[in-house]
Amino acid sequence: MINCLRGSVTVRVESAYPERVVNLCAAHAIPFWDLRWIDGATFTVRTSFGALPRLQAVTQQVDCSVTVVRRTGLPVLLLSLRRRYVLLAGAALLLLFLFGGNLFIWDFQVTGNETVPTETILRTLEEYGITVGTFSMYIDQEAMRNHVLLELPDVSWLVVNVKGCTAHVQVVERKRPPQIVQEDEITNVVALRSGLVTRVEPLDGKAQVAQGSTVTEGQLLISGVVDSTRTGVRLVHGMGRVWARTWYDISVLVPLQQEQKTQQTAQTTRIWLDLGKKQIKLYAKGSMLGPDCDKILHYGAVCLPGGFRLPITVVTEQTVRCTTAVTQRTEEEAQAEGEAQLLQLLESQMTEDGTVTATRFSTARKGNYLLVTLWAECHEQIGQQVVLPQP
């Protein structure tokens, strides 16, 4: 690569004593390489542009001739382009675009956030003034944090490090302390749903049910009003856990007929460039739209070798139109889909620590639909705190 940048010359040397030429090059520190013999008195060798005049000077001391065969390298290329002004201007603009583009932010990468959405963080930074196309040399980290952290209460630290044209946003989320029990509140624990009590764990207050009791939704389980030998009654912050067996009866209708795509009838492809927030269209107007069309977008970042990202994104939009047909599926397929939906619905309705102990499914045909019913038995914590009004 060094030889390519500084340029090299291939010369043809003819001499009755060719070894003397090699010795003179070594004695005068003339660099040479890639020596190839043509015959006993002729060989070719490569040397640098700067060493060519010295090689021609020392070879005059011996009976030999030095002929330039070829010149290669960056200097030769630049000399050949010295009168192509448009091409030189384009190369200068390209270099300016490459190095000047690194002074602006064209992409964001957010790391460290688990609960705070990435879109919320980027929107808050945009409100402050850090967005696509922002000049990256004058980002005041302290002022930025003072503004952004006020808008993001769940973030305790945030820093924006710009590398190339990519802004790396590192986030440290706030770790919330456990909820503090407000002892001054008067609360009862009531049943979240009906069930058969299996275990009662009162932490404060008086248990109103025992193991084996059947309770209904909203029934009092642990009371915040307890007897007192001095005042008659005492109001406390009733809390605890009540475990029970619960039962669910859920149904869903699953269609037996569904539309499926059968054949692709047309396809169009449109390409445009995203330069920051600007779009450069490379297509004419018009596209296929409608409920029978699928649109697929592919985003490809333009990068140079070595991972250097340019502020350009190539977007390819493919629109495909297909014909549809109504197909009939079997009751077994519809039942499998309904059972999966019911299990997801059951999991969403149970409390966090609940477990499913038994399930049973049944089906019934209703026209073009299949009614799938789930009967499930669960074991879960049904106690729910309710704040009582102050006396």
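The face of α2 turned away from its buried side carries N23, A26 and A27, which are exposed (over 50% relative accessible area). This is a predicted model, in which local features need pLDDT of at least 70 and side-chain atom pairs count only at pLDDT 80 or more, while totals for chains, interfaces and linings use all residues. Residues are numbered from 1 along each chain as its sequence is written, and side-chain values use heavy atoms, with hydrogens and water left out.

Which residues of α2 are buried? In this helix, residues 18–27, they are P18, V21, L24 and C25, where buried means under 20% relative accessible area, partly exposed lies between the buried and exposed cut-offs, and the probe is 1.4 Å with protein chains only. They cover an arc of only 115° around the axis, which puts them on the same side of α2; the arc is that of the directions from the helix axis to the C-beta atoms.

Helices (H or I, at least four residues) and strands (E, at least two) are DSSP runs, numbered from the N terminus.

With 58% relative accessibility, A29 counts as exposed.

D34 is found in strand β2, and D34 also has a positive phi, of about 55°, although it is not a glycine. Its relative accessible area of 33% makes D34 partly exposed. For background, most residues other than glycine have a negative phi.

Leaving out residues up to four places away in sequence, T42 touches R12, V13, E14 and W37, contact meaning heavy atoms within 4.5 Å.

Further along, S251 sits in strand β15 (residues 239–255) and is partly exposed, with 41% relative accessible area. Beyond its neighbours within four places in sequence, S251 is in contact with L342, L371, V372 and T373. From S251 to V356 there are 105 residues in sequence and 17 Å in space, C-alpha to C-alpha.

## The protein as a whole

Now for the wider view. The protein has eight helices and 22 strands. Its radius of gyration is 40 Å, well over the 21 Å that the globule rule gives for 391 residues, so the protein is more spread out than a compact globule. That radius is taken over C-alpha atoms, and the globule rule is 2.2 Å times the number of residues to the power 0.38. Along its principal axes, the C-alpha trace spans about 125 × 65 × 45 Å.

Of the 391 residues, 31% are buried. Among contacts between residues at least 6 apart in sequence, 66% join residues at least 24 apart. The protein exposes about 24500 Å², with carbon and sulfur atoms supplying 55% of it; accessible areas come from the Shrake-Rupley method with a 1.4 Å probe, and for residues only the protein chains shown count as cover.
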